[in-house]
Every structure is written in structure tokens, then in C-alpha cells.
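Thanks for coming, everyone. I'll keep this short. Have a look at the structure first.

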Amino acid sequence: MLRILLFLVVVFGASCCFVIRTRQKDTIPGPLLARITTYYRVWLLIAGDAPSKYASLHKRFGPVVRTGPNHVSISDSKYIPIAYDAKHVFRKGRFYDVFRPLYRGKPMDTVFTTSDPALNKSLKRSLVTHMLSRPQLYAKEVDESVDMFIQQMQAMEGESIDISSWPFYWAFDMTYTLVFGGSFGFMANRCDFNGMVHSFKTILRSTAVLGQVPQWCPTTLANDRFMTWCRSFSSFPDPTIKLLNAGSSPNTLRRVSEHTLNAHDCGQSLLCRVLANRTLNEDSPEYLEVVNVLFEGYLAAAGEVAVSLTSIIYSLLGDPRVMQTLAQSIRSKDMKVTPYLFVHAQLRSAELSNVLPSTAVIKESLRMHTSNSPPMERVVPHGGLAVNEHLLPEGTVVGIPQYVAHRDQNVYGLDADDFRPERWLEADESALRAMEQNFMTFGKGCRGCVGRELAMMEMRAFVMKVLDVYDIEWASETVRPRVANYWMMEYFDFYVRFKPR
Ligand code: HEM
């Protein structure tokens, strides 16, 4: 007993000395726990309210806050173009390791996860060339997917609709058509028939938390034996497996290896474009690259679009004035609503008057509803980073919280906390430039979102076509959804009714 007591006293004394020494050395303000343990960041995330916790930290400690022994959060907007630069100077941190899917027993670095600029560029080239450089090529498929959504709402007229799920059904179906061709079948089945949506949400929540302690990754998410054991439980959430074994026939991977068959049904999908007329042997390095590009194209695109659309609907329901103004402006048009119009570089002014309100509403919703809960991590390069009076050494992991940048009153005005889409229409050129610079929904710099235009086209098509025919209202006068944000926004018990206008 005496030995244990002595041991505890020594450990306590050593910890005190360590804390005092680090406090003396460390000039960056922040909570005591953040100095001594990386698990402090797990605590920031685990309740699903990290954005407001980061905002409170900055309110209390100022523009530079220590959030872990090697992590610093910065709220000053002028560091956005520095930390999220255009030339891969600040590389991605280890947080992204947790998003590497296990393929053939090994974690696969993707365009999104890799910190290697060369790999990032080569994978991105494929995605951009074949899919994202001309999103208007997909206007027909996007249009048809919204029509399918509308048909399903017509079939369920008067029913209470779970809108925390239906945007996922729409986005997962639509993206499957764009990436692999054919149809996945969520909307047709009117449910999460293979559990993929549930898997996606659950795994995203856990990976966000695990990403705060990436040292666990080699023994957990990146460990084949551990993951094989987890996958032996049928309830284990694994969207990659669900995608591979998708209900469509042939299954997703066979779509790649059998693409040369004459009777393929992948339309003008990314799969078809990437493969062109090639036959790829499953063991060739190119095969791996194609699978990589397809999976990333699918998973990066579908989830983000679904969550963002849910946030847009949530914002509109929260402000009937905006909902009405937008619906009126859409319904007063005398042109056919096709998403193509909204990405065309040569918009005529008559068309612009219809475009701008929906774009402003979408951007304002995305400004209010943070797409990345913790700051997107970047590593300070050789030479360090001077932030105000502090010099952050090479290797420090820094990030600028999106929630804080989106509520900066110097940029968005004193009413920055309010949902007011008009701010995007009223701003003069220089104010708009500052607002755009702080708008971090799609990330920033050379690692920013390459699917932004496609995503905006898809969401505009949805909002404009659906509001053209329906009024959306809460299913209940009193029950409101619960909201959480571990990595992306999540809505629980979110029910609405689509009423034909
Ligand atoms: C509203 C929908 C979307 C949102 C809010 C969104 C958001 C983001 C954000 C914040 C990043 C940067 C993440 C970081 O730096 O940590 C990103 C990167 C990326 N996004 Fe999106 N995204 C959306 C739609 C799409 C779509 C439709 C695609 C199509 C394939 C896509 C593909 C990608 C890819 C490939 C990257 C990685 C780029 C790189 O690391 O170089 N995203 N996205």
C-alpha cells in the first residue's frame, strides 16, 4: 500500500513539474489540459458541439489558442490563405489518415487523404478531367434524379417525410448514376435498404473522433485484422463494403472489371470516362487508381451534398420569410428550370435574377451550418509560422475553425449570427471578396473542394425544381430536430411535409 502511495505521489509530482515547465515555455494561451494531452481535442468533439466549443475558446483566450500539445487553433481570417495555401506548402495532418478506406487489406491513400502533393495531383487530375471540369455534362442525370425525388414525394403525398434521410437517398442515388452508371435504388425502395446511409453517418461520427487521436489508427481503422474482426459483426457500419455489395447487378467492383463487355449500362458515368476503351487487369496499378478515383468520387461527393441539402432545408424552414421570397422568385420565372443554366459562364441578366436568390440562399445556409466541425488541419512547414507575437515551430498542426470564420463580424457584419441571404446580394465588390475569402464550406487553397461547381449545380437544381412544385412545411407544429456536428452536420427526428402548391 505504501509503495502504491509513493508511486502516485511521484507520478503526481512529475506531472506538476511537467505542467509548470511547459507553461513556462509555452506562450500560447489555452486550457491547461490542452497543453498536456491530445485527448483534450477528443473532449472538444465528443458531444457533437465542437464548433461552438472552438468559438468559446477563442472568445476566452484570443485569436491563437492551444488545443493540444502540438495543436493550435487560429481565428484571425488573414491566416486563411496562409494555412490553406495554393502550393501545398502547408500539408494535411494525420487527422486524414482515418478516412483512408481499407482496400485489399491495406489503407488506401486517396485524393482527399494524402499529404503527398504528387499523388494528390495525379488522382485529382483524373477526377477533374473526367467529371468535375464540366459539371453541365451531368445536367440531364441531375435533373432526372430530382424528378425521381419529386415523383416519390407525389406518391407519398400528405405523409410525414424523414428529411434527415431523404436527401441522402437522393444524393446517394444521383451520385451513383454519375460515378458508376445505373441505379442504386434508395429512392425506388423508399428506404435505406442496404443500411448504407446509417453506416455512413455512424462511421463518420466515429472517424471524426478517432481523427483527433490518429496514433490509434494503425491498430484500429488501418489494421486489417482488427477491421476483419469488426466486419464479422453484421451491424458494423462500413459504407465501403455496402457500396461494393450494392444491390445493383453486377456489383460495383464488377462494373469496373467487366466494363469492356459490350452490354454495359454505365451511361456517360465517371467509370465509363476513366476507363474509356481500356481493359484493366485487376492486378495492374492502373486498376487500383481507377478504383481509388471512383470510390473517392462517390463517397466525397454524395455525403457532403446530402448533408448540405438537409442544412438548406433546415434554414428555409427556420425562416418562412426567406422560404416564401425564394419560392416566389422561382415560381415567377418564365424559363425552364435546368441546372445547366446555372453553371453556364455566359448567363444573361434575366437568368441571373433567378439564379442569384437561390445561390444566395444556398451559400447563406452553408455559412450558418458548418460543413467541417473541427478546424481542417494543416502542418506548419520548415521555418515555422509567425502568428501575432507567437512563433509556431515546424510540425505544429494548425487550423482555422470554419464556424468562427463564418461568424466574423468584421467580414459578415454585426448580424453575422443571423441567417440573412440578402447579405450576398447587397455586398459591394470588396465586401463580397472578403466574404468569399472567409467562406470555408468547400475548404480553401490547393486542397479545397474540386466538386464545388458540381455540388452547387446539384443543390440549385434540387431547391429550384422542388420549390417550383411544393411548399415544404414542418410535419409537427412543436417537434423540432436535434442537431449535432461531429464532422458534418447531423439532424435527428427531422420530419416535414411536401404540400403541392
Ligand atoms: C456541398 C457539397 C460539398 C461540400 C460542402 C464539400 C466540402 C469539401 C471540403 C471542406 C473539402 C476540403 C477538406 C479539407 O481540406 O479538409 C473538400 C475536398 C474535396 N471534395 Fe468536396 N464538398 C462537397 C461536394 C463535393 C463533390 C460533389 C465532389 C465530387 C467528387 C467533391 C470532391 C472533393 C474532393 C475530391 C476533395 C479533396 C480535394 C483535395 O484534397 O485536393 N466534393 N470538399
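**A helix pair and a ligand shell**

Helix 7 passes helix 22 in a right-handed crossing. Keep in mind that this is a predicted model.

Let's stay with that pair. Two packed helices are described by the angle between their axes and the distance between the axes. Here, the axes of helix 7, residues 139-155, and helix 22 come within 10 Å. They cross at roughly 40°. Angles under 35 degrees would count as roughly parallel, and 65 to 115 as roughly perpendicular. Helix 7 and helix 22 are therefore oblique to each other.

Which residues in helix 7 meet helix 22? Val142, Asp143, Val146 and Ile150. On the helix 22 side, they meet Met457, Glu458, Ala461, Phe462, Lys465, Val466 and Val469. By class, that contact has 8 nonpolar residues, 3 charged and no polar ones.

Now the ligand. How many residues surround it? The shell has 26. The closest are Ala301, Glu304, Gly443, Cys449 and Gly451. Helix 22 turns up again: along with helix 6 (117-132) and helix 15 (285-318), helix 22 (452-469) gives two or more residues to the shell. Helix 15 gives the most, with 7 residues. As for class, the shell divides into 13 nonpolar, 9 polar and 4 charged residues.

Last, the whole chain. The protein chain has 22 helices and 14 strands. Of its 501 residues, 40% are buried. Take the contacts between residues at least 6 apart in sequence: 73% of them join residues at least 24 apart.

That's my part. Over to you.

Technical notes:
Residues numbered from 1 in each chain as written. Predicted model: local features only at pLDDT ≥ 70, side-chain atom pairs only at ≥ 80, totals over all residues. Near = placed C-beta within 6 Å. Helix = DSSP H or I, 4+ residues; strand = E, 2+ residues; numbered from the N terminus. Nonpolar A, V, L, I, M, F, W, Y, C, P; charged D, E, K, R; others polar. Buried ≥ 20, exposed ≤ 12 C-beta atoms within 10 Å, placed from the backbone. Contact = placed C-beta atoms within 7 Å. Axes fitted to C-alpha atoms, helices over the stretch in contact; angles between N-to-C directions. Parallel < 35°, antiparallel > 145°, perpendicular 65-115°, else oblique. Left-handed = near helix turned anticlockwise from the far one by under 90°.
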